[in-house]
Amino acid sequence: MTIERAIQDAIVEHARRDHPDEACGVVAGPVGSDRPERLVPMLNAAMSTTFYEFDSTDLLRLYREMDDNDEEPVIIYHSHTATEAYPSRTDIALAQEPGAHYVLVSTREGADHPPQAGGTPTGDVDFRSFRIVDGQVTEEEVRVVERYDSVSTPSPRKAD
Amino acid sequence: MAIDVRIPTILRPYTGGERSVDGNGSTVSAVIEDLEGRFAGIRERLVDEAGGVRRFVNIYVNDEDIRFTGGLDTSVADDSTIVILPAVAGG
């Protein structure tokens with residue numbers, strides 16, 4: 001999975017902000033491009049430290065918007081705030097977008113930017129990506145680039 | 001009369017890959033029965049053992065989540081659009 005640094009940073013920031021509740025959202029991209037371009041942070045309607053769910057009205061609006069833009073959910077992300085950045089049994093059971101990269105972020109080491117001289121954020125927030133298809137979890141490499149146009153176009157995904 | 005039913009990616013294997021299919025019926029329940037006749041197995045993905053909408057499936061009639069409009073008994077008309085979306089949720 002290839003992602004721009006600014007988008008990765010924004011996902012991590014979202015997870016820090018919502019800690020200790022789970023944060024969730026989508027990065028949409030052009031259909032078939034496998035390129036996560038448009039970050040859409042979503043409200044966690046469950047407002048929970050152990051569960052996340054998009055609000056059903058927000059969900060409809062999101063999918064309509066993506067349809068209108070010829071986009072699809074390239075990344076579906078959420079945070080774990082007390083456990084590792086690996087899909088839980090619930091995540092696996094409820095994963096229903098076989099084409100998406102499921103990104104897991106963990107803020108279990110704490111969500112605050114450690115106060116340091118220079119103020120550089122260095123909090124350890126794990127960021128991992130998985131495919132979840134038919135209950136099978138496959139971790140994939142996360143490749144962070146400054147800009148997508150600085151790398152060769154990813155090869156198109158195979159049809160489902 | 002035909003109702004436009006939007007099928008999410010995860011259920012397109014049932015509809016031969018179609019994103020949108022025509023359905024018939026005067027309630028959501030009847031439309032699902034109609035779809036089941038052509039796309040066997042799809043009902044089980046939408047309706048639970050107790051006969052309600054599955055917890056992690058959302059069905060909308062003209063943009064309204066049917067959980068708030070009478071569930072599977074929600075009426076549909078000729079020009080209605082039904083959208084089916086899997087919940088995005090996890091732990």
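Student: Against which elements of chain B do the buried residues of α1(B) pack?

Tutor: Helices (H or I, at least four residues) and strands (E, at least two) are DSSP runs, numbered from the N terminus. A residue is buried if 20 or more other C-beta atoms, placed from the backbone, lie within 10 Å of its own, exposed if 12 or fewer, and partly exposed in between; contact means C-beta atoms within 7 Å. The buried residues of α1(B) pack against β1, β2, α2 (42-46), β3 and β5 of chain B.

Student: How should I read the numbering and the model itself?

Tutor: This is a predicted model, in which local features need pLDDT of at least 70 and side-chain atom pairs count only at pLDDT 80 or more, while totals for chains, interfaces and linings use all residues. Residues are numbered from 1 along each chain as its sequence is written, and chains are lettered from A and ligands numbered from 1 in the order in which they are written.

Student: How wide is the arc that the buried residues of α1(B) cover around the axis?

Tutor: The buried residues of this helix are B:Val28, B:Ser29, B:Val31, B:Ile32 and B:Leu35. They lie on the same side of α1(B), because the arc they cover, taken from the directions from the helix axis to the C-beta atoms, is only 160 degrees.

Student: In what order do the strands of the open sheet in chain B stand?

Tutor: Two strands pair if DSSP finds at least two bridges between them. The pairing in this sheet of 5 strands is mixed, and the order is β2-β1-β5-β3-β4. The strands that pair on one side only are the edge strands, β2 (20-23) and β4 (64-65) of chain B.

Student: Which residue of β5(B) is the bridge partner of B:Tyr60?

Tutor: Strands β3 (residues 57-61) and β5 (residues 81-86) of chain B run antiparallel and are joined by 5 bridges. In β5(B), B:Tyr60 is partnered by B:Val83.

Student: Is A:Ala82 buried or exposed?

Tutor: A:Ala82 belongs to the loop between β5 (71-80) and α3 (89-94) of chain A. Leaving out residues up to four places away in sequence, A:Ala82 touches A:Thr49 and A:Arg108. Because A:Ala82 has 12 C-beta neighbours inside 10 Å, this residue counts as exposed.

How values were computed. Contact = placed C-beta atoms within 7 Å.
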